[in-house]
Amino acid sequence: MKKFWVLLKVSVTSMLLSSSGMGRKSRKKAATGAGAMVLIAGLGLYLSGLYSSMLMEVLAPINMEVLVFIFMGMGALIGGLLFTTFGVKGVVFGGRDNDLLLSMPVSSTMLMVSRVTAIYLENLLFSLFVLGPAGVVCAIFTQGGVGHTLLFWVRLVIVVLALPLLDTALSVLLGALVAFLSTRMSKGILGQNIVMAIYMVAVFWVAANLNGMIEGLAANAAGVKDSLSWAAPLMWMGDGLMGDWGLLLAFAVCCIIPFVLVVFVLGKVYGRAVTAFAARAARSDYKLSAQSATGQKKALLVKEAKRFFGTPMYMWNSGIGLIMLLAGGVAALVMRDDLREIVALLEGEVPVLPLVALLMGVMLSMCAIAAPSISLEGKYLWILREAPLGESALLWIKVGFELLLTVPCTVVTGVCLAIALEMPVWQWAALLTSTILFAIGHGMFGMLMGLAFPKLDAVNETVVVKQSLAVFLAMFAPMVLMGLGGGLWLGLAESNQVLALTLPIVLFGLAAAVFALILVKRGPAMLRAL
């Protein structure tokens, strides 16, 4: 058993922290792991708190609280799959330490169990912060006493522990399929991008139709429940939470058996599978072809573009803000008549210009493209540093690549919003100036975070993009700055409109100038220190 706990510690470290260390680096990695866990927990808490409240407010008066838990269970299951499927591909089947661990005197099944248990713990964290808040909301809104007994919370704990087992089993199977396809298909990356694109379209569709779905749910809750018979395990989970111990047991068994089968069946062939995936990935087929001449900076920009668009995990996590930004601008233009009616109703109560700027700033904050770019170089960073360019130029090329994506998207969205909202020229100019300055500062701040909190020894790109402190800070610290700009507007709007408009722009410009100065003065030295 001691061997298992050691292997589990290594697996969890690989997933969240990449590796252990000593001294100051150890503290940075611990903070990185804590940041990853906070991000997962915060996302689950936000989604559950928002949607379970909306659903419970409608369903509690008709004593259909069970549907809330069924929907939240679906959310936890699907969210867990999205969090961990590609992580399984890297951590379980593509870890850099697999060769070392397989050579140790432990069975491949035990190694597989430790890897999968690490995935289970991540799913457990997300499940806890999705189903837990739903239970609290249920106890507050219920009109039938659900959530007011100790046995309800005992059953909820059982569900929280059991659901991630099913989630993990599915993640491991899908991760194995993704790993297999990645080694067999030359268009594996295209396939992953198509899958993620379909998922994003589904998310936007659900968000656009959520209010209508909730209204229909209130009108026909019983019919909706009957139509969910295809999701029998989640139906058992919901009815079990409401007090049916037999169905709760059936749900637990339905979660435990797939987990056990997946672990022990794949455990028997784990060594051969990992070896086959690694051998296939290491294969290189060289083809002679003409090479076009290009400049040094252009070559590095092309290299950044190939990594960004050729790594689905990087593109979809770091580019989601750009997708939302453009989608929001186009949607505002298409639905401009409805949007103008809403603005007319809000006129005098909610200031439109700072609200639009705030929303654009939040979306731009999600575009953490420069922040992970240094860490994604990994152990090959020395090759980049050997390029016939100065260290400062290398950093500015990475920042410039982010700006090549964010600034045009900001301009296009700003123009769409200006047309849709019929903004005066001065408001449109203020919106574009503030958001472009914010985007420029965000790119430089992200690069500084990437230099300050690198993860050059990460086991895969998932750890860098989704679970690094640099990305966490690059996303959320600028949101604080945007909130401060909005606070300046609100505080000064009534007394001095010109000053209220000017100070946020000055704030973003000053922040961009400070980040640029730090990057020029300290950036090359920070890069050399890596």
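The model is predicted, so local features need pLDDT of at least 70 and side-chain atom pairs count only at pLDDT 80 or more, while totals for chains, interfaces and linings use all residues. Residues are numbered from 1 along each chain as its sequence is written, and side-chain values use heavy atoms, with hydrogens and water left out.

Start with the whole protein. It has 23 helices and zero strands. Both are DSSP runs numbered from the N terminus: helices are H or I, at least four residues, and strands are E, at least two. Of the 530 residues, 47% are buried. Buried means under 20% relative accessible area, exposed means over 50%, and partly exposed lies in between (1.4 Å probe, protein chains only). The accessible surface comes to about 25400 Å², and carbon and sulfur atoms hold 71% of it. Areas come from the Shrake-Rupley method with a 1.4 Å probe; for residues, only the protein chains shown count as cover. Residues 24 or more positions apart account for 83% of them. A contact means heavy atoms within 4.5 Å.

Next, the charged pairs. Side chains of opposite charge can pair when their charged atoms come close. The structure holds seven salt bridges, each a side-chain nitrogen of Lys or Arg within 4 Å of a carboxyl oxygen of Asp or Glu. K303, E304, R307, E377 and K398 are linked in a network of such bridges.

Look at E377. It is buried, at 5% relative accessible area. One partner is K303, with the closest N and O atoms 2.8 Å apart. E377 sits in the loop between α17 (352-365) and α18 (381-385), and K303 in helix α13 (residues 296-310), so this pair ties together parts 74 residues apart in sequence. K303 is partly exposed, at 29% relative accessibility. E377 also meets R307 in a salt bridge (2.9 Å, N to O). R307 lies in helix α13 and E377 in the loop between α17 and α18, so here the parts tied together are 70 residues apart in sequence. R307 is buried, as is E377.

E304 bridges to R307 too, with the closest N and O atoms 4.0 Å apart. These two are three residues apart in helix α13, which means a separation of about one helical turn. E304 is buried, with a relative accessible area of 4%.

Turn to α19 (residues 391-421). At 1.5 Å a residue, its 31 residues should span 45 Å; the end C-alpha atoms are 44 Å apart, which agrees. The expected span is 1.5 Å times one less than the number of residues. A kink of about 30 degrees is centred on L403. The bend at a residue is the angle between axes fitted to the seven residues ending there and the seven starting there. E422 follows α19, with a positive phi near 55 degrees.

Helix α23 covers residues 497-529. Its 33 residues should span 48 Å at 1.5 Å each, and the 47 Å between its end C-alpha atoms agrees. α23 bends by about 50 degrees at R522, and a proline, P524, follows within four residues.

Finish at the surface. L150, L151, V154, I158 and W245 form a nonpolar patch with about 470 Å² of accessible area together. Patch residues have over 30% relative accessible area and no salt bridge; like charges are joined within 9 Å, nonpolar side chains (Val, Leu, Ile, Met, Phe, Trp, Tyr) within 5 Å. Helix α6 (residues 150-184) gives the largest share, four residues. I158 is in helix α6. At 31% relative accessible area, I158 is partly exposed.
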